[in-house]
Amino acid sequence: METGRSAKLEFAVQMTCDSCVNAVRSALERQPGVQAVQVDLGKEQVVVEASLTAQEVQQLIEGTGRRAVLKGIGSGQPDLGSAVAMLSGCGLVQGVVRMLQLSPERCLIDGTIDGLKPGPHGLHVHHLGDLTKDCLSCGEHYNPHGTRHGGPQDSERHVGDLGNILAGPDGRASFRLEDTQLKVWDVIGRSLVVDAGEDDLGKADHPLSKVTGNSGERLACGIIARSASLFQNTKKICACDGVTLWEERDRPIAGKGRQNPDPPSANL
Ligand SMILES: [Zn+2]
């Protein structure tokens, strides 16, 4: 999904020679939505300025047969903080959503969520970063001003109201949003939840419309954690279990599948 909202994405890419560099460059340059590409062979680093989502850029790089790992996201300007939420739930829904505060008024939200039913799904920041009862203990929509539920473009809304994301026929929602009310520093330690149904943005007659947008059951959730901005993540090997950056690319973030890569994890 191209939205015209540009960000700089830093990837670690396995590259050993100049032909790798050329292959990566030609896969990215002149692609709609890609504004600039910098490749550093010595650092195995590719920095892409693009209005495409991180997932879309990663697919372009990996289309050359080389693995790519997103290491940071930034604006090119000194940014004001970034965060990440890894979403999971009882079912097969899982995803990664990144937030980047571009300026005091602009928060960029870039994510990919898999395993959804095709169609729109409500996405909200919830008050609590508490997953002790899975997504049920996340509290209500983050609402510091005590207002009613609304849509992301409404002035009267919960700060956590991010509206809907759209899953395609393959069950994947890949999105980049920009929000003027959400601030990264206010939501670190809270949670992000994706719902089973469409958020009516507070515009329907249902009793829940002005409370939750009546977007149904909470499918998957994750705590919003502080994350690396551009060039802040120098990790090559995960010190905790010796899984390298490249091996980790194909493994779950945690759990038994981390040491044994079967079954393959979702391509996040
Ligand atoms: Zn709300």
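Strand S1 (7-13) is largely enclosed by the rest of the structure, because 7 of its 7 residues are buried. A residue counts as buried if 20 or more other C-beta atoms, placed from the backbone, lie within 10 Å of its own, as exposed if 12 or fewer do, and as partly exposed in between. The model is predicted: local features need pLDDT of at least 70, side-chain atom pairs count only at pLDDT 80 or more, and totals for chains, interfaces and linings use all residues. Residues are numbered from 1 along each chain as its sequence is written. Helices (H or I, at least four residues) and strands (E, at least two) are DSSP runs, numbered from the N terminus.

Both faces of S1 are covered. Ala7, Leu9, Phe11 and Val13 are buried on one side, and Lys8, Glu10 and Ala12 on the other. S1 pairs with S3 in the antiparallel sense over 6 bridges; pairing requires at least two DSSP bridges between the strands. S1 and S4 (residues 68-74) also run antiparallel, joined by 6 bridges. Ala12 has Gln45 as its bridge partner in S3 and stands opposite Val69 in S4.

Helix H1 (residues 18-28) has Val24, Ala27 and Leu28 as its buried residues. These cover an arc of only 90 degrees around the axis, so they lie on the same side of H1. The arc is taken from the directions from the helix axis to the C-beta atoms. The face turned away from the buried side carries exposed Asp18, Ser19, Asn22 and Ser26. After H1 comes Arg30, with a positive phi near 70 degrees.
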